[in-house]
Each structure stands twice: as structure tokens, then as C-alpha cells.
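Here are my notes after a walk through the model. Have the view open beside you as you read.

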Amino acid sequence: MPKLVFVRHGQSEWNLSNQFTGWVDVNLSEEGVKQAQNAGKLIKEKGIKFDQAYTSVLTRAIKTLHYILEENDQLWIPEMKSWRLNERHYGALQGQNKAEAAAEFGEDQVHIWRRSYDVLPPLLDENDERSAAQDPRYADLDPKTIPGGENLKVTLDRAIPFWQDQIAPKLKDGKNVIVAAHGNSLRALTKYIEDISDEDIMDVELKTGQPIVYDIDENLNIKNKEKLG
């Protein structure tokens with residue numbers, strides 16, 4: 001029975017400073033590196049070997065994947081990066097301290113922006129210098145595809161095609177797969193594969209650097225779920 005492993009990236013520099021990150025490309029903190037390495041050790045202790053790796057195009061997720069694979073002696077396996085696994089885009093909130101945003105907009109409003117399924121954050125104008133429109137990693141995307149802000153529903157809508165086209169076929173072929181990505185892109189995929197309601201997904205939280213291991217049958221049904229560490 002193939003295994004699917006989700007790992008949210010280790011703590012980032014902006015996790016540490018309590019800033020909204022989204023598509024901003026920040027690095028892992030020292031603690032984040034340790035978390036990623038520990039995730040690799042936990043996976044190795046479990047005896048899981050991967051056939052395919054997936055990650056986003058953001059540094060914190062890519063490095064987390066590489067630290068895990070290095071600890072597991074598997075840096076050589078096939079790896080695919082996709083913007084569809086990026087963190088949700090926090091719009092005009094990106095870069096803002098979360099406590100300061102709560103003081104400005106109210107804790108309840110910020111909680112809704114962070115955790116709700118279908119409420120959008122304040123959108124970022126495409127001409128804003130913080131927009132991803134000028135980032136070379138998105139040069140091949142239709143400019144209309146590059147978001148000015150996303151909620152979890154929009155994040156799920158752009159992650160599902162990648163799941164269906166890339167990840168699911170590997171699992172159906174009996175391959176072990178690791179996805180190192182972000183809190184909300186992985187929450188979106190978790191909602192999809194576990195059939196979690198729009199209301200209940202608000203309470204789902206993924207810890208940084210903690211591997212979540214699924215046993216998946218040939219029909220993509222979850223037979224077992226285990227959090228390591």
C-alpha cells in the first residue's frame with residue numbers, strides 16, 4: 001500500500017517574526033532548519049522510502065524537502081516544483097505583522113481572513129511592487145492567473161488539478177510520495193482527500209516540520225493516518 005507524506009515547511013524567518021508571508025519568498029529560520037532535519041530523521045526511522053517528491057516554488061518549502069531527503073539518503077529521487085503548491089496568497093496583508101493587523105482591523109476580522117474557507121483578504125493590486133507579476137518564477141503563467149489574494153477555497157481550486165494530474169497517478173501506480181509545501185496548500189489538500197467540511201477545516205492546523213503519513217489504497221482511500229514526532 002503506497003504512502004503519502006505531507007510536511008509543512010519548517011519555521012520560516014517570517015513565522016518567527018509573526019508576519020503574513022504567503023507568496024513572499026522568505027528563508028527558513030535556524031529552528032526551521034532543525035525542524036526539517038528532524039522530519040527527515042523521523043521518516044528515516046519509520047523506514048519510508050520515496051519514489052517521487054513534490055514541492056512549491058518557494059525557498060522555505062524547497063529547502064525543507066531537501067533537508068528531509070538528505071536525512072533519508074534520497075536527494076537523488078525525482079522532484080517536481082509547482083506554483084500550485086504555493087502557500088495561499090495573503091494579498092495586501094503580506095509582510096504585515098499579524099499582531100499589528102489585529103490591532104488595526106480587529107482580532108475577529110484577522111481570524112476570519114486567516115482561517116475561513118471562502119473569505120478573501122484585502123487584495124494586492126497587480127501594479128503593487130509586492131505583486132508576484134514581475135517574479136521570473138511565474139513568467140510562464142497567464143497574468144490573470146497570478147492572484148492578488150486567495151482564501152482556502154481558491155487555494156484548493158488551484159491545487160486540485162496538480163493533485164489529479166501528478167500526485168494521484170503516482171499513488172495509483174503504487175509509488176510512495178512526499179509533498180513538502182505550506183500550511184494552507186496542505187490544508188487544502190487535506191480537506192480534499194479527507195473530505196473535511198468547510199466549517200471543520202477552520203480548526204485544522206498543521207505544525208511546521210511535522211510529517212503526516214497516509215496509507216492509501218488503489219482507489220485513493222485513506223486506510224491509515226499517522227503524525228510523526
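1. Start with I77. Leaving aside neighbours within four places in sequence, I77 is in contact with F50, D51, Q52, A53 and L69 (contact means heavy atoms within 4.5 Å). I77 is found in the loop between α3 and β3; helices here are DSSP runs of H or I with at least four residues, strands are runs of E with at least two, and both are numbered from the N terminus. At 4% relative accessibility, I77 counts as buried (buried is under 20% relative accessible area, exposed is over 50%, partly exposed is in between, with a 1.4 Å probe and protein chains only). One of its contacts, D51, sits 26 residues away along the chain, yet the two C-alpha atoms are separated by 6.4 Å.

2. A word on what you're looking at. This is a predicted model, in which local features need pLDDT of at least 70 and side-chain atom pairs count only at pLDDT 80 or more, while totals for chains, interfaces and linings use all residues. Residues are numbered from 1 along each chain as its sequence is written, and side-chain values use heavy atoms, with hydrogens and water left out.

3. The largest nonpolar core has 20 residues, and L4, F6, W163, I167 and V179 have the most contacts inside it (a nonpolar core is a set of buried Ala, Val, Leu, Ile, Met, Phe, Trp, Tyr and Cys residues joined through side-chain atoms within 4.5 Å). At least two residues come from each of β1 (3-8), α6, β4 (177-181), α7 (183-194) and β5 (211-216). The largest share, six residues, is supplied by α6.

4. V179 is worth a click. Setting aside neighbours within four places in sequence, V179 touches L4, V5, F6, V7, Y54, L85, I167 and L186. Apart from this core lies another, of 16 residues, including I43, F50, I68 and I178.

5. Which aromatic rings pair up? The structure holds six aromatic pairs (rings of Phe, Tyr and Trp, the last by its six-membered ring, pair if their centres lie within 6.5 Å; planes under 30 degrees apart are stacked, over 60 edge-to-face, and the rest tilted). F6 and Y214 form an edge-to-face pair, at 5.6 Å centre to centre and 75° between the planes. F6 is in strand β1 and Y214 in strand β5, 208 residues apart, so this pair links distant parts of the chain. Both F6 and Y214 are buried. Elsewhere, W23, W83 and Y138 form one aromatic cluster.

6. On to charges. The structure holds 13 salt bridges (a side-chain nitrogen of Lys or Arg within 4 Å of a carboxyl oxygen of Asp or Glu). E226 and K46 meet in one of them, at 2.9 Å from N to O. E226 lies in strand β6 (residues 222-227) and K46 in helix α2, so the pair ties together parts that are 180 residues apart in sequence. E226 is partly exposed at 29% relative accessibility, and K46 is partly exposed at 42%.

7. K44 and D73 also form a salt bridge, 3.0 Å from N to O. K44 sits in helix α2 (residues 30-46) and D73 in the loop between α3 (59-71) and β3 (79-81), 29 residues apart. K44 is partly exposed, with a relative accessible area of 41%. Take a look at the D73 backbone too: D73 has a positive phi of about 55° although it is not a glycine.

8. N18 is found in the loop between α1 (13-16) and α2, and is partly exposed at 34% relative accessibility.
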